[in-house]
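Work through the exercises below with the sequence and the structure side by side. Try each task before reading its solution.

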Amino acid sequence: MTASAAFFDLDKTIIAKSSTLAFSKPFQAGGLISRRAVLRSAYAQFVYLVGGADHDQMEKLRQFMSQLCKGWDVATVNEIVAETLHHVVDPIVYDEAVALIEEHRAAGRDIVIVSASGTEVVEPIGAMLGADTVVATRLEVEDGCYTGEIATYVYAEQKAVEILELAAQRGYDLADCYAYSDSVTDVPMLEAVGHPHAVNPDKELRRTATERDWPVLVFMRPVALRSRVRVRPTLAALAVGGAVAVGGAVWAGARRRGPTA
């Protein structure tokens, strides 16, 4: 049997919110961000849930992510997230997504999460879901602190690049693979496989899915993850996710800035 996989985006596909904005309150409690940033993050979360995020908004998010995490102590971030990950993420996992993952696993397909969020938040979520592989954004670390540079930003076309590379390594027949996402920015990821699906799509992705006759799925039932799957004891922590959370918080209320160097 030829190897195949099911590729899942994370935000608004597996979980009901943006993982990049979900950790603002824990980071406020840990002294890393201000109350004003928390309020801006809440507004950004609302905007994201209602209308999604286009390329310009995601580029702003990337810029702030790299700027704001510079100098953060990795151990401190890890400690905060290790204590809050389940509280933040566990209640917002879609029951429909968990069921779909289980179906693909039963069919013998690998489960791969492909996300623009950081590996330090996506990998623990992937472990809880029993994913075989996580492909996510990676930040550079030097002497135990974040440098403010992004090693690999797994977003838009880069998602398709990562999928093609993984398929070559694993021997996946992409024509027999599945992919799921909510955002028009993930069209390259969806185009890379034989069975693309739009999940809770934004307006532009819904239009594309209709034009190309892609199935459209609606996930509506967040469920406590621990009530559905066995949680693995590998809670490394979040660095990028926290950085993006802060980036999203400031991005939501900030003026447009020029690109970082």
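**Exercise 1. How many salt bridges does a search of the whole structure find, and which parts of the chain does the bridge between Asp 95 and Arg 221 tie together?**

Solution. Begin with the total: in this predicted model, a search of the whole structure finds seven salt bridges. Side chains of opposite charge can pair when their charged atoms come close. Next, take the bridge in which the side chains of Asp 95 and Arg 221 meet, with 3.4 Å from N to O. Asp 95 lies in helix 5 (residues 95–106) and Arg 221 in the loop between strand 8 and strand 9, so this pair ties together parts that are 126 residues apart in sequence.

**Exercise 2. Where in the chain are Arg 207 and Glu 204, and why are they separated by about one helical turn?**

Solution. First, note the distance: the side chains of Arg 207 and Glu 204 meet in a salt bridge of 2.6 Å, N to O. Then locate the two residues, which are both in helix 9 (residues 203–212); because they are three residues apart there, about one helical turn separates them. Arg 207 is partly exposed, with a relative accessible area of 39%, and Glu 204 is partly exposed as well, with 38%. Elsewhere, salt bridges that share partners join Asp 9, Lys 159 and Asp 186 into one network.

**Exercise 3. How many aromatic pairs does the structure hold, and what is the angle between the planes of Phe 7 and Tyr 172?**

Solution. The structure holds four aromatic pairs. One of them is formed by Phe 7 and Tyr 172, whose ring centres are 6.1 Å apart and whose planes make an angle of 80 degrees, an edge-to-face arrangement. To place the pair in the chain, find Phe 7 in strand 1 (residues 5–8) and Tyr 172 in the loop between helix 7 (157–170) and strand 6 (178–181); the pair therefore ties together parts that are 165 residues apart in sequence. Both Phe 7 and Tyr 172 are buried.

Tyr 153 and Tyr 155 also form an aromatic pair, and this one is stacked, with 5.3 Å from centre to centre and 25 degrees between the planes. Tyr 153 counts as buried at 17% relative accessibility, and Tyr 155 is buried with a relative accessible area of 13%.

**Exercise 4. Where is Tyr 146 placed, and how many residues apart in sequence are Tyr 146 and Gly 71?**

Solution. Tyr 146 lies in strand 5 (residues 145–152), and its relative accessibility of 3% means that it counts as buried. In sequence Tyr 146 and Gly 71 are 75 residues apart, while in space their C-alpha atoms are 5.3 Å apart.

**Exercise 5. Which residues make a nonpolar surface patch of about 290 Å², and where is Val 218?**

Solution. The patch is made by Val 216, Val 218 and Met 220. Val 218 has its place in the loop between strand 8 (216–217) and strand 9 (222–223), and it counts as exposed because its relative accessibility is 52%, just over the cut-off of 50%.

**Exercise 6. How many helices and strands does the protein chain have, and what percentage of its residues count as buried?**

Solution. The secondary structure comes to ten helices and nine strands. Of the 261 residues, 56% count as buried. The accessible surface comes to about 11,600 Å², and 50% of this belongs to carbon and sulfur atoms. Lastly, the structure holds zero disulfides; among its cysteines, Cys 145 is partly exposed at 23% relative accessibility, whereas Cys 177 is buried at 0%.

Note on methods. Residues are numbered from 1 along each chain as its sequence is written. This is a predicted model: local features need pLDDT of at least 70, side-chain atom pairs count only at pLDDT 80 or more; totals for chains, interfaces and linings use all residues. Side-chain values use heavy atoms; hydrogens and water are left out. Helices (H or I, at least four residues) and strands (E, at least two) are DSSP runs, numbered from the N terminus. Buried means under 20% relative accessible area, exposed over 50%, partly exposed in between (1.4 Å probe, protein chains only). Accessible areas come from the Shrake-Rupley method with a 1.4 Å probe; for residues, only the protein chains shown count as cover. Rings of Phe, Tyr and Trp (its six-membered ring) pair if their centres lie within 6.5 Å; planes under 30 degrees apart count as stacked, over 60 as edge-to-face and the rest as tilted. A disulfide is a pair of cysteine sulfur atoms within 2.5 Å. Patches are made of residues with over 30% relative accessible area and no salt bridge: like charges are joined within 9 Å, nonpolar side chains (Val, Leu, Ile, Met, Phe, Trp, Tyr) within 5 Å. A salt bridge is a side-chain nitrogen of Lys or Arg within 4 Å of a carboxyl oxygen of Asp or Glu.
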